[in-house]
Amino acid sequence: MTLVTSIFLQIVQMLVVLALAPGLTGFVRWVKARLLARRGPSILQPYRDILRLLKKEAVLAHNASWLFRTTPYIMFTAIWLAAGLIPTFSTQLALAPTADLIALIALLGSARFFLALAGMDVGTSFGGIGSSREMMIAALAEPAMLMVVFSVAILVRTTSLAEIADFMMSGAVGLRISLALALISLVMVAIAENARIPVDNPATHLELTMVHEAMVLEYSGRHLALIEGASMLKLLLYAALIGCVFAPWGMAGPGADSAAVIRGLVTFVLKLGVAGVLLAVFETSIAKMRVFRVGEFLGGALLLSLLGAIFLYVSRGV
């Protein structure tokens, strides 16, 4: 595959994740409404919301610093780049050599860091509460995420996402309890990182329970559009990451033709649909937990990922 083709596929990858992210959020809301016997909003409603916010004027607090104004752009860029690094329909991307799991975690951590600082920048009580809770969740979620990375790296001997996907598609993996534990841990981390039920409720504005919403209450206009778009991209990012590492089937491999790339793109859309349905079913069947129980939830994720890494370490005799 030539360099021009890989660059073209990378550009398509960046545009695909950007275009599908609001659709995935809208699809999850639509499925949840159907499960609750409600009509619910259209799947295209997130697109309309973002366009409406982009047309509005951004209102800033008098004491807002440069950090508050630039955080939406930094956050959106970091998460969009992280989503673009994950192979979705093809492993032959121009940025595949840099598509490393460690770099992915660093980009997500940078976006979280700036958002937490921006939440405290204006000095409101809600922003401080949301930022402190976000850092509490991050302190538990990032170690679990790193242990999942170590589990996969022990098996594949690399942290490159393209090589991990190719290895998983080769059929040399088989059924492993350790990978199942890592998958469950990654799903739990994804739920917490995306502020989904039972960790947080993205549809609520109750100050005693909200985490993500508390940090962005002071944003409006294009700034809020960028933050909402980054949140939608983050949800797609984790769905794509789970599909890339644990279910890469259908993805176009090395030397694939255009037909294989199209099949990989269609397969990726189907995977997003399955992920959206599973998320909606899970959220409608469980209640939100108390904030102080989030530590137990993520502690379980860390324990599962640690057990998975230990099992792989022992089984391979490293």
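This is a predicted model: local features need pLDDT of at least 70, side-chain atom pairs count only at pLDDT 80 or more; totals for chains, interfaces and linings use all residues.

1. Nonpolar surface patch. Helix α11 (residues 294–316) supplies the largest share of the patch, seven residues.

2. Is Ser305 buried or exposed? Ser305 belongs to helix α11, and its relative accessible area of 0% makes it buried. Setting aside residues up to four places away in sequence, the contacts of Ser305 are Ala144, Met147, Val148, Ser151 and Ser185.

3. Nonpolar cores. The largest nonpolar core contains 83 residues, and Ile79, Ile86, Leu161, Leu237 and Leu241 have the most contacts inside it. Helix α9 (residues 221–246) contributes the largest share of this core, 16 residues. Another core, of eight residues, lies apart from it and includes Leu9, Phe89, Ala162 and Ala260. As background, nonpolar side chains tend to be buried together in soluble globular proteins.

4. Leu161. What does Leu161 touch, leaving aside neighbours within four places in sequence? Its contacts are Leu85, Ile86, Pro87, Ala99, Leu101, Leu241, Cys244 and Val245. Of these, Ile86 and Leu241 are also listed, with Leu161 itself, among the residues with the most contacts inside the largest core.

5. Phe68. This residue is part of helix α3 (residues 66–85). Phe68 has a relative accessible area of 1%, so it counts as buried. Not counting residues up to four places away in sequence, Phe68 is in contact with Leu60, Ala118, Asp121, Val122, Glu218 and Tyr219. Phe68 and Tyr219 are 151 residues apart along the chain, yet 8.8 Å separates their C-alpha atoms.

6. Aromatic pairs. How many aromatic pairs does the structure hold? There are four. Phe27 and Trp30 form a stacked pair, because their planes meet at 20° with the ring centres 6.3 Å apart. Both lie in helix α1 (residues 3–35), where a spacing of three residues puts them about one helical turn apart. Trp30 is partly exposed, at 29% relative accessible area. Phe113 and Phe114 form an edge-to-face pair, with 5.6 Å from centre to centre and 80° between the planes. Each of these two is partly exposed: Phe113 has a relative accessible area of 45% and Phe114 one of 21%.

7. Backbone points to inspect. Ile197 and Pro198 are joined by a cis peptide bond, with omega of about 10°. Pro198 is in the loop between α7 (177–193) and α8 (212–215). The loop between α7 and α8 also holds Ala195, a non-glycine residue with a positive phi of about 55°. Ala195 is buried, its relative accessible area being 12%.

8. Arg157. A positive phi, of about 70°, is likewise found at Arg157, which is not a glycine. Arg157 is located in the loop between α5 (125–156) and α6 (161–169). With a relative accessible area of 54%, Arg157 is exposed.

Conventions:
Residues are numbered from 1 along each chain as its sequence is written. Side-chain values use heavy atoms; hydrogens and water are left out. Helices (H or I, at least four residues) and strands (E, at least two) are DSSP runs, numbered from the N terminus. Buried means under 20% relative accessible area, exposed over 50%, partly exposed in between (1.4 Å probe, protein chains only). Contact means heavy atoms within 4.5 Å. A nonpolar core is a set of buried Ala, Val, Leu, Ile, Met, Phe, Trp, Tyr and Cys residues joined through side-chain atoms within 4.5 Å. Rings of Phe, Tyr and Trp (its six-membered ring) pair if their centres lie within 6.5 Å; planes under 30 degrees apart count as stacked, over 60 as edge-to-face and the rest as tilted.
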